Amino acid sequence: MLAKIVSSILVLPVCAALAQQPAPKPTTAAEAPARDTSYIDEKGTAHITRVVPVPEALSPEAKKSLSRAEPDQGPAQSLEERRKMTDAYTARAKEEWLKICPVDIKDQVIEGVPVHVVTPQNIPVSSRDRILLNLHGGGFNSDSGSWTESIPLAWYTKVKVMAVLYRLAPEHPFPAAVDDSVAVYKALLKDYKPEHIVIYGTSAGAILTAEVAVKLKQLGLPQPAALGIFSALGDFARNGDSIAMYGLRGLSGHLDSPEPGVHDSYYTGSTDPKDPVLSPIYANLEGLPPTLFVTSGRDLLLSGTANLHRAYLHAGVDARLVVFDALPHAFWYDTKLPEAIEANQMMADFFIKALTTKRPAGATTETAK
């Protein structure tokens with residue numbers, strides 16, 4: 001998942017001094033606000049409290065998930081701890097998805113880049129010349145999605161998925177992940193027609209999907225049949241509204257106010273935050289393939305996803321946006337939620353349609369060279 005939050009939980013040079021100070025205590029039920037308040041200062045900054053009930057239309061499973069308590073205060077988490085926690089979560093999630101979606105798995109190395117290859121069992125003949133390229137989430141510094149994003153989509157589309165295990169920040173900042181992803185895509189073009197490839201990802205992987213699409217255009221390489229951009233942002237220079245309101249679990253848990261300036265310097269490195277590949281919202285997006293955007297009402301990247309979707313529309317791209325009510329960031333990872341199954345099936349349906357739709361004759365280099 002995205003590293004906006006990670007920038008506040010990575011070990012910084014000042015952490016040793018901060019560690020000597022007592023951590024703030026989590027808010028208790030007695031201390032929690034019981035009514036709404038709002039004050040707008042002279043700069044337009046909102047100082048608010050809100051009492052927000054869970055929408056009745058959500059599934060019982062989603063309501064239960066949203067009711068899970070999470071402390072709003074606590075000590076900083078190191079990168080090592082985050083990666084260890086994420087690896088443990090991913091291992092559990094892999095087994096949970098395999099119970100629902102029987103697939104075959106093997107690991108490969110393509111152009112020096114490790115990948116997971118996830119193949120649905122009993123794959124139909126009509127799908128054997130098609131492939132989905134997954135760019136996983138994990139804040140650009142860990143892997144939270146190579147299994148949770150590939151296993152369900154392979155099963156629901158009945159199409160092979162290749163998940164790219166690209167190099168991670170902060171050890172390998174931008175453009176390492178883009179370069180790795182493009183290298184794998186170029187290798188796939190040797191065996192697959194571009195109109196038989198889809199590129200997609202969640203969170204950091206969704207951002208990376210948009211970045212790769214711009215890079216392919218710059219290189220004059222053919223675009224894939226479609227893109228899947230699931231909870232993303234396209235602008236590392238400016239923060240959206242939702243990132244100031246929600247954390248990874250929506251309204252629960254710790255939240256730091258976003259600071260002005262470069263977003264996620266661990267990933268961006270020394271690159272200009274308005275670089276059109278790093279921040280696709282500044283790029284010429286004309287000629288990109290049909291794209292599905294998915295987010296949710298309590299997603300910290302709701303604004304980023306909506307803003308990038310609007311940029312695609314302005315560029316004339318066939319771009320669709322689906323927003324699920326009340327749910328938090330990347331909720332479609334959770335096998336227990338009916339809404340997660342619905343979201344994955346919706347993504348799969350979009351990909352299947354894109355892979356079976358013939359491109360118009362005379363398409364440009366950017367769309368179908």
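User: Which residues line the largest cavity?

Analyst: Happy to start there: the lining is made up of Thr148, Glu149, Pro152, Leu153, Tyr200, Thr202, Phe230, Trp332, Asn344 and Met347. A quick word on the basis: this is a predicted model, where local features need pLDDT of at least 70 and side-chain atom pairs 80 or more, while totals for chains, interfaces and linings use all residues. Numbering runs from 1 along each chain as its sequence is written, and side-chain values use heavy atoms, without hydrogens and water.

User: What makes this a cavity, and what makes the other space a pocket?

Analyst: On a 1 Å grid over the protein atoms alone, a cavity is a set of points where a 1.4 Å probe fits but cannot get out; a pocket is an open set with protein on both sides within 12 Å along at least five of seven lines, and lining residues have an atom within 4 Å of a point.

User: Which elements and residue classes build the cavity lining?

Analyst: α5 (151-157), β7 and α10 (338-355) each supply at least two residues. Helices here are DSSP runs of H or I with at least four residues, and strands are E runs of at least two. By class the lining has six nonpolar, three polar and one charged residues; Ala, Val, Leu, Ile, Met, Phe, Trp, Tyr, Cys and Pro count as nonpolar, Asp, Glu, Lys and Arg as charged, and the others, Gly among them, as polar.

User: And what lines the second largest pocket?

Analyst: The count is 37 residues, with Thr49, Arg50, Met245, Leu251 and Ser252 nearest its centre. Strand β2 (residues 46-49) gives the largest share, four residues. The classes are 16 nonpolar, 13 polar and eight charged.

User: How many aromatic pairs does the search find?

Analyst: There are eleven in the whole structure. One of them joins Tyr200 and Phe230, with 6.4 Å centre to centre and 45° between the planes. Tyr200 sits in strand β7 (residues 197-202) and Phe230 in strand β8 (residues 226-230), 30 residues apart.

User: Why is the Tyr200 and Phe230 pair called tilted?

Analyst: Rings of Phe, Tyr and Trp (its six-membered ring) pair if their centres lie within 6.5 Å, and planes under 30 degrees apart are stacked, over 60 edge-to-face, and the rest tilted. The 6.4 Å and 45° therefore make this a tilted pair.

User: How do you know that α6 and α7 are in contact?

Analyst: Contact means heavy atoms within 4.5 Å. On the α6 side, Ala177, Val178, Ser181, Val182 and Tyr185 meet Leu208, Glu211, Val212, Lys215, Leu216 and Leu219 in α7. By class this contact has eight nonpolar, one polar and two charged residues.
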